Amino acid sequence: MHETREIKTHGRTVCVHVDPEPEREGRPALWPTVGEYPIYDQFLYSTMTTDHERNERFRAALAKLAPGRHVLDIGTGEDLLWARESVQAGARHALAVEVIEPAFHKAADTLAALDQRDLITLLLGESTTLQFAPKADVCVAEIIGSLAGAEGAAAVLTDARNRHLVPGGLVVPHRAVTLAAAVRLSDLLPGQPVAFAEASLPYLQSIFDWHGGPFDIRLRIENPDTDALLSDGRPVEVLDFNGELRTEQRTTVRLAITRAGHVDGVLTWLNLWCLPDEEPLDALRMRTNWASIYFPLFDRPVPVEPGDVLELTVETALSDDGIHPDYHLGATLRTTGGEEHHGSLASPHHGGPFRAHPVYQALFSTT
Ligand SMILES: C[S@@+](CC[C@H](N)C(=O)[O-])C[C@H]1O[C@@H](n2cnc3c(N)ncnc32)[C@H](O)[C@@H]1O
């Protein structure tokens, strides 16, 4: 059973349904998506600095690409991680940029205590509005979301390639892809209420405060039950940081249902390559700080059988900040019996409706 907690934000009281069970290693948990908002704190940074699966890949790429080079670290965070790693790998110089002020100040303290501090320059601000000289040979930017492009990687790195990198300069990571598969939300959280983890409430509060009120925030599922997948996973968003990088895209895939069950939406997750020729990090099947994102599509679960097909279109378009994409999903489920079910969801980065879909009506109420 869920319990209810209140959030007061901008003169409104929002009742949030929470799962009172404490989070446990490996237990599924529902959180708001957090990475695409300027609300990072020490806990969120530490989930990244301790992410072995992720860090090994970034380290290997920098060991290969940084020696003797000028490196630009966009979004260095409070730990100055990739700037330090680049210099340790033999970079000539690393320029680190961070837009969140408290994180910048912590990074500045870290820098002041480093032996190699003369090789690193730290700047406060957004890479898209700053000018740097000289241009970098390598840009490292861990601004990848659980939904690959949600943190604005396409716009930020298009700008970095155009203005901050030498011709032929390289970006780390190399490629990020979002995959999608058909699911039912309650199957991802077996034996648990569909309710937010209690520990996630301060983040929900910070995001609503930042935005100026509540909205239907994307739903982050940690440790989802992978047995819940009813189809194979197909790429719905592709970001080639060293190739043709598009800030807006539209992809249609056919998700073939492989077993009987009920579908009410899709689960999406990240595949990430730091170097072109490696096995990608798979956020659904590996232990990493990236989780999966669930998007509701149908008002109620629709029964499906093998042979049925969910045709899914995912479209990204830049939001009004020109950096973070809004996502639009449209779906048609065609059953072997000849039925058609249509569903759609607008998932803007910020704003948009509140409690528009039954899932959000079940997660939130207002007084
Ligand atoms: C996912 S965290 C990564 C932190 C650290 N680099 C790491 O890998 O552990 C992304 C960081 O990038 C910052 N950021 C995102 N876009 C930025 C931009 N265009 N310019 C400067 N900082 C940015 C965010 O504020 C956040 O601190």
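Colleague: What should I know before reading the numbers?

Modeller: This is a predicted model, where local features need pLDDT of at least 70 and side-chain atom pairs count only at pLDDT 80 or more, while totals for chains, interfaces and linings use all residues. Residues are numbered from 1 along each chain as its sequence is written, and side-chain values use heavy atoms, with hydrogens and water left out.

Colleague: Which domains does the chain have?

Modeller: Domain bounds come from an automatic or database domain assignment. Here the assignment gives domain 1 (3-35 + 176-366) and domain 2 (44-144). Their centres, taken over C-alpha atoms, are separated by 30 Å. Domain 1 puts 18 residues into the contact and domain 2 puts in 15. Contact means heavy atoms within 4.5 Å.

Colleague: How do I read the interface between domain 1 and domain 2?

Modeller: Start with buried area: the accessible area (1.4 Å probe) that two parts lose on being put together, summed over both. Domain 1 and domain 2 bury about 1300 Å² between them, with 70% of it on carbon and sulfur atoms. On the side of domain 1 that touches domain 2, the residues are 13 nonpolar, two polar and three charged. Nonpolar covers Ala, Val, Leu, Ile, Met, Phe, Trp, Tyr, Cys and Pro; charged covers Asp, Glu, Lys and Arg; the others, Gly among them, are polar.

Colleague: How many residue pairs are in polar contact across that interface?

Modeller: Four, both residues of each pair being at pLDDT 80 or more. A polar contact is a pair of N or O atoms within 3.5 Å; within protein, one must be able to donate a hydrogen and the other to accept it, and residues adjacent in sequence count only if both atoms are side-chain atoms. Salt bridges between domain 1 and domain 2 number zero.

Colleague: Which residues of helix 5 are buried?

Modeller: Buried means under 20% relative accessible area, exposed over 50%, partly exposed in between (1.4 Å probe, protein chains only). Helices (H or I, at least four residues) and strands (E, at least two) are DSSP runs, numbered from the N terminus. An α-helix has 3.6 residues a turn, so residues three or four places apart point the same way. In helix 5 (residues 153-164), the buried residues include Val156, Leu157, Ala160 and His164. The buried residues of helix 5 pack against several strands, among them strand 7 (136-141) and strand 12 (234-240).

Colleague: Where does His350 lie?

Modeller: In the loop between strand 21 (340-347) and helix 8 (358-363). His350 is buried, at 18% relative accessible area. Its side chain makes a polar contact of 2.6 Å with that of His349. Beyond neighbours within four places in sequence, His350 has contacts that include Trp210, His211 and Asp320.

Colleague: How many salt bridges are there?

Modeller: Side chains of opposite charge can pair when their charged atoms come close. The rule asks for a side-chain nitrogen of Lys or Arg within 4 Å of a carboxyl oxygen of Asp or Glu. It gives 21 salt bridges.

Colleague: What does the bridge between Arg59 and Glu85 look like?

Modeller: The closest N and O atoms of Arg59 and Glu85 are 3.2 Å apart. Arg59 is in helix 2 (residues 52-65) and Glu85 in helix 3 (residues 81-88), so the pair ties together parts 26 residues apart in sequence. Arg59 is partly exposed at 30% relative accessibility, whereas Glu85 is buried at 17%.
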